[in-house]
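Opening the notebook on this one. I want to go through the loops and then the ligand sites, one entry at a time.

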Amino acid sequence: MDGIGEFEVELKELRECFKSRKTRELNWRKTQLKGLLKFLHEKEEDICKALHQDLGKHNVEAFRDEVGMLTKSVNNALKGVTQWMSPKKIPLPLAAFPSSADMVPEPLGLVLIFSSWNFPFGLSIEPLIGAIAAGNTVVVKPSELAPASSSILATVLPLYLDSKAIKIIEGGADVAQILLEKKWDKIFFTGSTRVGRAVMTAAAKHLTPVTLELGGKCPAVVDSLGSSRELKIAILRILGGKYASCGGQACIGIDYVLVDEKFAPILVDSMKVAIKRMFGDNPKQTNAMARIINKQRFLRLKSMLNDDNVKASIVFGGSCDEENLFIEPTILLDPPLKADIMSEEIFGPILPIITLKNIEDSIDFINSRPKPLALYAFTNNETLKKRMVSETSSGSLTFNDAIIHFLVDTIPFGGVGQSGFGRYHGKYSFDTFSHEKPVLRRSYLTELWFRYPPWTAYKFNLIRTAITFNYVGFVLVMLGLKRS
Ligand SMILES: NC(=O)C1=CN([C@@H]2O[C@H](COP(=O)(O)OP(=O)(O)OC[C@H]3O[C@@H](n4cnc5c(N)ncnc54)[C@H](O)[C@@H]3O)[C@@H](O)[C@H]2O)C=CC1
Ligand SMILES: CCCCCC(=O)O
């Protein structure tokens with residue numbers, strides 16, 4: 001952002017654009033969504049190149065998690081936006097007869113989106129889809145930690161969109177803090193809990209509603225499954241939800257595994273075989289796993305591993321290549337629970353496996369920690385499933401898979417407790433950036449004359465009757481006893 005003055009001009013332009021009401025038009029919304037599709041299609045190669053440059057992502061992973069995922073989401077919004085923005089009839093009690101009511105979605109106004117570096121296109125454009133579909137004007141600030149991706153978002157994407165209504169502003173914490181001083185009609189933040197608190201504090205000054213998409217330690221409970229085939233598939237899904245999702249740098253990636261101590265040796269041995277099949281006999285040489293985003297985050301992970309007690313728990317991998325910011329897929333077995341690796345969100349390709357006396361103890365283990373953004377359980381035990389649904393709390397709960405819920409438009413995505421609040425994806429994104437206004441239409445045909453003073457015992461009884469009989473008997477009484 002060149003200067004505060006220039007930004008003030010841009011902010012004024014965005015507010016005037018919203019006031020012009022053009023962003024409310026269905027055609028405008030669809031045109032912008034189609035612009036996103038065109039960008040994703042025409043710039044796929046540049047996007048994949050940027051993701052490789054920033055994160056070492058393989059283009060298959062880059063397409064799967066960002067270009068492909070976003071194309072799916074934009075098409076879903078194009079299909080749904082007409083219905084999403086139309087008023088919905090609301091049933092009314094008999095006492096309101098003859099009245100009608102609608103819920104009318106209206107855009108919030110000028111909204112601000114902060115995104116993170118690990119899925120820089122996905123986490124910027126997925127909320128942008130909702131903001132556009134709901135008819136808002138928008139400022140998006142991508143993360144400065146993925147500069148190649150941020151540059152494409154700020155210099156190329158605007159060529160496909162209405163620049164008077166949608167602006168992409170590059171920058172880090174300094175720019176973000178300037179933006180946070182302004183008044184927004186909604187702030188959508190994806191990032192750390194620490195910064196989420198700062199965002200919420202800034203938003204409070206203007207009573208701006210926020211959605212906080214934060215992080216946390218996502219557990220995977222792994223039960224002894226029924227067959228070797230199920231175990232093989234489960235392990236692929238666990239490893240995919242760890243190492244093959246931005247190299248473990250994913251907010252809904254599996255942070256650690258909980259397993260019955262008797263089953264642990266089988267699980268670890270099977271994982272080692274599967275890792276080699278996924279990343280080659282020498283996983284240090286793989287091109288299929290993203291690198292750590294920067295030296296600071298790399299050294300943080302390296303220091304976690306260098307803790308003597310943690311180092312002693314390494315049963316697979318553990319090598320760190322500082323020059324290439326690469327840590328090979330690593331498995332720990334029962335590292336100390338007080339070590340940083342088990343008290344902080346790992347956000348890297350290190351998988352602690354924690355053994356328990358029995359798998360049911362996983363519920364207490366999970367409940368003794370902050371509510372995770374995602375919880376996974378690989379089990380066919382119906383009793384355990386029922387207990388996990390009713391006795392644990394998380395942003396989402398998935399049985400026998402990982403990560404995949406992020407791709408389902410009909411499942412809202414968001415956290416609970418320390419992992420955030422608010423949700424999006426699919427129509428939930430539209431709702432997040434809308435105010436759903438109830439509109440009640442009354443007539444003069446009937447009048448409940450006793451709803452006004454002067455108060456009398458008779459009126460009191462009529463009101464009491466109405467409420468007691470939930471208005472049905474009341475209306476009948478009224479029709480018979482109407483007084484001027
Ligand atoms: N729930 C979700 O969908 C996701 C959550 N995350 C979480 O985000 C964290 C990692 O992402 P990071 O980008 O490193 O988080 P971060 O909180 O450092 O940065 C997030 C955004 O906030 C901005 N920012 C940084 N410092 C700021 C400040 N002092 N004031 C205002 N804005 C500031 C950054 O420029 C970026 O755009 C992890 O905790 C991860 O779990 C990451 C991806 C998705
Ligand atoms: C395709 C999965 C993206 C999830 C976003 C995250 O976990 O950071």
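Entry 1: I started with Leu-325, which is in the loop between strand S11 (320–321) and strand S12 (326–327). This is a predicted model, so I'm reading everything here as a prediction. I looked up the backbone angle: phi of Leu-325 is near 50°, a positive value in a residue that isn't glycine. That got my attention because most residues other than glycine have a negative phi, and most peptide bonds are trans.

**Entry 2: a cis bond.** Next I checked the peptide bonds. Pro-453 and Pro-454 are joined by a cis peptide bond, with omega about 0°. Where is Pro-454 found? I traced Pro-454 to the loop between strand S20 (434–441) and helix H17 (457–468).

**Entry 3: ligand 1, the pocket.** On to the ligands. I found ligand 1 sitting in the largest pocket. Helix H7 (173–181) and strand S6 (186–190) are the elements that give two or more residues to the shell around ligand 1. H7 provides the largest share of that shell, four residues. I also checked the domains: domain 1 (1–214 + 424–436) and domain 2 (219–414) each supply at least three residues to the shell around ligand 1.

**Entry 4: ligand 1, the neighbours.** I listed 28 residues around ligand 1, and those that come nearest are Ser-115, Glu-144, Ser-192, Leu-214 and Glu-345. By type, I get 14 nonpolar, nine polar and five charged residues in the shell around ligand 1.

Then I went through some backbone contacts:
- A polar backbone atom of Gly-191 is 3.1 Å from an oxygen atom of ligand 1.
- For Glu-213, I noted a polar backbone atom 3.3 Å from a nitrogen atom of ligand 1.
- Leu-214 has a backbone N or O atom 2.7 Å from a nitrogen atom of ligand 1.

How much of ligand 1 does the protein bury? Taken alone, ligand 1 exposes 830 Å², and the protein buries 93% of that.

Entry 5: Ligand 2 next. The space taken by ligand 2 is the second largest pocket. Around ligand 2 I found Asp-65, Asn-118, Phe-119, Ala-250, Cys-251, Ile-252 and Phe-406. I sorted the shell around ligand 2 into five nonpolar residues, one polar and one charged.

- Asn-118 puts a polar side-chain atom 2.8 Å from an oxygen atom of ligand 2.
- Cys-251 has a polar backbone atom 2.8 Å from an oxygen atom of ligand 2.
- With Ile-252, a polar backbone atom is 3.0 Å from an oxygen atom of ligand 2.

Ligand 2 has 280 Å² of accessible area on its own, and the protein covers 98% of it.

**Entry 6: ligand 2 and the domains.** Why does ligand 2 lie between domain 1 (1–214 + 424–436) and domain 2 (219–414)? I put ligand 2 there because both domains give residues to the shell around it.

Technical notes:
Residues are numbered from 1 along each chain as its sequence is written. Chains are lettered from A and ligands numbered from 1 in the order in which they are written. This is a predicted model: local features need pLDDT of at least 70, side-chain atom pairs count only at pLDDT 80 or more; totals for chains, interfaces and linings use all residues. Side-chain values use heavy atoms; hydrogens and water are left out. A residue is near a molecule or strand if one of its heavy atoms lies within 4 Å of it. A polar contact is a pair of N or O atoms within 3.5 Å; within protein, one must be able to donate a hydrogen and the other to accept it, and residues adjacent in sequence count only if both atoms are side-chain atoms. Accessible areas come from the Shrake-Rupley method with a 1.4 Å probe; for residues, only the protein chains shown count as cover. On a 1 Å grid over the protein atoms alone, a cavity is a set of points where a 1.4 Å probe fits but cannot get out, and a pocket is an open set with protein on both sides within 12 Å along at least five of seven lines; lining residues have an atom within 4 Å of a point. A molecule sits in a cavity or pocket if more than half of its atoms lie within 2 Å of its grid points. Ala, Val, Leu, Ile, Met, Phe, Trp, Tyr, Cys and Pro count as nonpolar, Asp, Glu, Lys and Arg as charged, and the others, Gly among them, as polar. Domain bounds come from an automatic or database domain assignment.
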